[in-house]
Amino acid sequence: MLNPVIDEDGALFWEFTARGELRIQACAEEGCGELRFPPRPCCPHCRSFATEWRLMSGRGRIWSYVLPHPPLLPDYADQAPYNAVLVELADAPRVRLAGNVVTAPDAPLNSLDPARLRIGAPVRVAFTEIDGIAVPRWLLERG
């Protein structure tokens, strides 16, 4: 599998996932408070460098998804067909995270029947460790 690239701006995001927390960077400037992802040093709205990390509920909805077809990345070919989703966070509708919907946190990427995917379907975050990094994945919610 390919690991995420952890840079200086996003390091705290990965520290929080290691604790089982989904936190999103926010501007800490009084009167702004805008959430931003991916993490970066400066707020794109007010240009402040004041930052905080807000705990999210871990709930969202499938905003978009694809089922990659060949040519597949070699590290994922044995798990085809699998899904790649964009999840819009319930707590931050302008923030969308890429990931995969699976049947359990440690399940293979192809564990969910693709016929169960729907735009707008409710999901919740779950974390699995891959090569020492806690990676967010998504589980379908009933409803």
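In the predicted model, residues 24 or more positions apart account for 56% of those contacts in the protein chain that have a separation of 6 or more. The chain carries one helix and eight strands, and these elements follow one another along the sequence in the pattern α-β-β-β-β-β-β-β-β. The radius of gyration of the protein chain is 16 Å, which agrees with the value near 15 Å that a compact globule of 143 residues would have, and the C-alpha atoms fill a box of roughly 45 × 35 × 30 Å along the principal axes.

Of the 143 residues, 37% count as buried. The protein chain exposes about 8,100 Å², of which carbon and sulfur atoms supply 52%.

Most residues other than glycine have a negative phi, and most peptide bonds are trans. The peptide bond from Phe 37 to Pro 38, however, is cis, with omega near 5°, and Pro 38 lies in the loop between strand E2 (35-36) and strand E3 (51-55). A cis peptide bond also leads from Ala 80 to Pro 81, with omega near -5°, and Pro 81 is placed in the loop between strand E4 (59-66) and strand E5 (84-89).

Arg 47, which is not a glycine, has a positive phi of about 70°; this residue lies in the loop between E2 and E3 and is exposed, with a relative accessible area of 60%. Asp 131, likewise not a glycine, has a positive phi of about 50°. Asp 131 is found in the loop between strand E7 (122-130) and strand E8 (133-140), where its relative accessible area of 61% makes it exposed.

Technical notes: Residues are numbered from 1 along each chain as its sequence is written. This is a predicted model: local features need pLDDT of at least 70, side-chain atom pairs count only at pLDDT 80 or more; totals for chains, interfaces and linings use all residues. Side-chain values use heavy atoms; hydrogens and water are left out. Helices (H or I, at least four residues) and strands (E, at least two) are DSSP runs, numbered from the N terminus. The radius of gyration is taken over C-alpha atoms; the globule rule is 2.2 Å times the number of residues to the power 0.38. Buried means under 20% relative accessible area, exposed over 50%, partly exposed in between (1.4 Å probe, protein chains only). Contact means heavy atoms within 4.5 Å. Accessible areas come from the Shrake-Rupley method with a 1.4 Å probe; for residues, only the protein chains shown count as cover.
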